[in-house]
Amino acid sequence: EHTLAINSHENDSACIKDVTSKLDKYKYRIISNKNYNCYELKCIYSMCDYVVGTRFHSVIFSLSNGVPGIAITYAGNKGQGIMHDIGLDEFTVAIKDVRYSILREKFERLISNEEVIRSKVSNYLKLAKMQRDKLIEKIKLALG
């Protein structure tokens, strides 16, 4: 879960448990540990083949590990924005439009274009690192 709350309608685990209750318990597991830090959570995403994520951080954690995925977007534009910046607009779905047929079609497209998608993600990560390094240098110069 990314959001832990007392109220069930605000807690990610309620939705996760509802979805996973319909899956084979020997193939799918819920990973839940309130003590994980962001590095440990990010590491879990690196072990996935693909991610279909609603929370912005699930999309960021997977993409930053080079794991392709689909962003289910909701209030705000963070998920849609990062996918747009990478050139993966077609792999977003507004939460109000989530349907099996739409997710299946996008997932099939994701798999059939996996090499191109991984390349786009890799190029974006390289660009982000270069921009980060430039910013660090500018800060060092400014600080003397």
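## Reading the labels in a predicted model

User: What makes the meeting of Asp133 and Lys129 a salt bridge?
Analyst: In this predicted model, the side chains of Asp133 and Lys129 come to 2.8 Å, N to O. The cut-off for a salt bridge is 4 Å between a side-chain nitrogen of Lys or Arg and a carboxyl oxygen of Asp or Glu, so the pair qualifies. Both residues belong to helix 6, four residues apart, about one turn of the helix.

User: Why is Asp133 called partly exposed?
Analyst: Its relative accessible area is 29%. Buried means under 20% and exposed means over 50%, so Asp133 falls in between.

User: Where do Arg118 and Glu114 lie, and what makes their contact a salt bridge?
Analyst: Arg118 and Glu114 are both in helix 6, with four residues, about one turn, from one to the other. Their N to O distance is 2.8 Å, and the limit is 4 Å, so this is a salt bridge. Arg118 has 33% relative accessibility and is therefore partly exposed.

User: Why is Lys96 called exposed, while Asp97 is called partly exposed?
Analyst: Lys96 has a relative accessibility of 63%, and exposed means over 50%. Asp97 has 31%, which lies between the limits of 20% and 50%. The two residues form a salt bridge, with the closest N and O atoms 3.4 Å apart.

User: How many salt bridges does the structure hold, and which residues are linked in a network?
Analyst: There are eight salt bridges. Glu90, Glu105 and Arg109 are linked in a network of them.

User: Why are helix 4 and helix 6 called roughly perpendicular?
Analyst: Helix 4 (residues 78-86) packs against helix 6 (residues 114-143) at about 95 degrees, the axes being 9 Å apart. Angles of 65 to 115 degrees count as roughly perpendicular, so the label applies to helix 4 and helix 6. Ile82, Asp85 and Ile86 of helix 4 make the contact with Lys120, Val121 and Tyr124 of helix 6.

User: Which elements make up the protein chain, and how many of its residues are buried, as a percentage?
Analyst: The protein chain has six helices and three strands, in the order α-α-β-α-β-α-β-α-α from the N terminus. Of its 144 residues, 22% are buried.

Technical notes. Residues numbered from 1 in each chain as written. Predicted model: local features only at pLDDT ≥ 70, side-chain atom pairs only at ≥ 80, totals over all residues. Heavy atoms only, no water. Axes fitted to C-alpha atoms, helices over the stretch in contact; angles between N-to-C directions. Helix = DSSP H or I, 4+ residues; strand = E, 2+ residues; numbered from the N terminus. Parallel < 35°, antiparallel > 145°, perpendicular 65-115°, else oblique. Contact = heavy atoms within 4.5 Å. Buried < 20%, exposed > 50% of the residue type's maximum accessible area, 1.4 Å probe, protein only.
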